[in-house]
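Subject: Structure handover

Hello,

Here is the structure I promised to pass on. My notes follow below it.

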Amino acid sequence: IQVAPTLVNLGIVHCNQGYYVKARDFCERALQIQQKYFGPDHIEVATTMINLGVVHCNQGDYEKARNVYERTLQIQQKYFGPDHIEVATTMINLGVVHCNQGDYEKARNFYERTLQIQQKYFGPDHIEVATTLVNFGNVHLNQGDYVK
């Protein structure tokens with residue numbers, strides 16, 4: 001189990017360098033170790049799954065990313081509750097995936113929920129809130145709603 005965080009970190013480094021196959025392999029190895037040691041519903045498993053979802057998203061495999069993020073969200077909501085900032089981070093990732101898949105209504109729903117949580121935690125003028133508003137703007141732009 002002690003090697004799992006190192007595997008995740010190697011996955012992140014490879015992902016940042018654009019080596020997605022290696023990144024995925026490292027994250028999947030870490031995930032196997034963590035699931036065996038902690039069980040499938042542990043928060044450490046969810047954290048690794050987020051990184052795996054990022055890899056899938058960067059590869060353009062939005063379906064796999066969505067599946068990983070949805071499972072992550074279930075674990076996080078069970079562990080943290082529905083209004084935790086970690087939950088919001090996963091929701092923003094799901095919003096990005098849905099936006100990339102052209103499902104703007106679902107993306108908008110995730111962004112709205114994310115904004116509620118972020119504003120509660122950070123206040124309205126925080127950079128994370130601004131980033132979510134930019135994502136919201138991209139949804140409207142993709143839908144041709146230039147006024148919003």
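Glu105 and Arg108 sit three residues apart in helix α6 (residues 104-122), which means about one helical turn separates them. Please keep in mind that this is a predicted model.

The side chains of Glu105 and Arg108 form a salt bridge, with an N to O distance of 2.6 Å. Glu105 is partly exposed, at 44% relative accessible area. Arg108 has 14% relative accessibility, so Arg108 counts as buried. The cut-off for buried is under 20%.

Salt bridges elsewhere

The structure has nine salt bridges. One of them joins the side chains of Arg24 and Asp25, at 3.8 Å from N to O. Arg24 has a relative accessible area of 21% and is partly exposed. Asp25 is partly exposed too, with a relative accessibility of 36%. Arg24 and Asp25 also belong to a salt-bridge network that includes Glu28.

Another salt bridge pairs Asp61 with Lys64. Their closest N and O atoms lie 3.8 Å apart. Asp61 is partly exposed, at 26% relative accessibility. Lys64 is partly exposed as well, with a relative accessible area of 45%.

A buried threonine

Look at Thr90 next. Thr90 lies in helix α5 (residues 85-100). Is Thr90 buried or exposed? Its relative accessibility is 0%, so Thr90 counts as buried. Which residues does Thr90 touch, leaving aside those up to four places away in sequence? They are Ile50, Tyr69, Thr72, Leu73 and Gln76.

Best wishes

Technical notes: Residues are numbered from 1 along each chain as its sequence is written. This is a predicted model: local features need pLDDT of at least 70, side-chain atom pairs count only at pLDDT 80 or more; totals for chains, interfaces and linings use all residues. Side-chain values use heavy atoms; hydrogens and water are left out. Helices (H or I, at least four residues) and strands (E, at least two) are DSSP runs, numbered from the N terminus. Buried means under 20% relative accessible area, exposed over 50%, partly exposed in between (1.4 Å probe, protein chains only). Contact means heavy atoms within 4.5 Å. A salt bridge is a side-chain nitrogen of Lys or Arg within 4 Å of a carboxyl oxygen of Asp or Glu.
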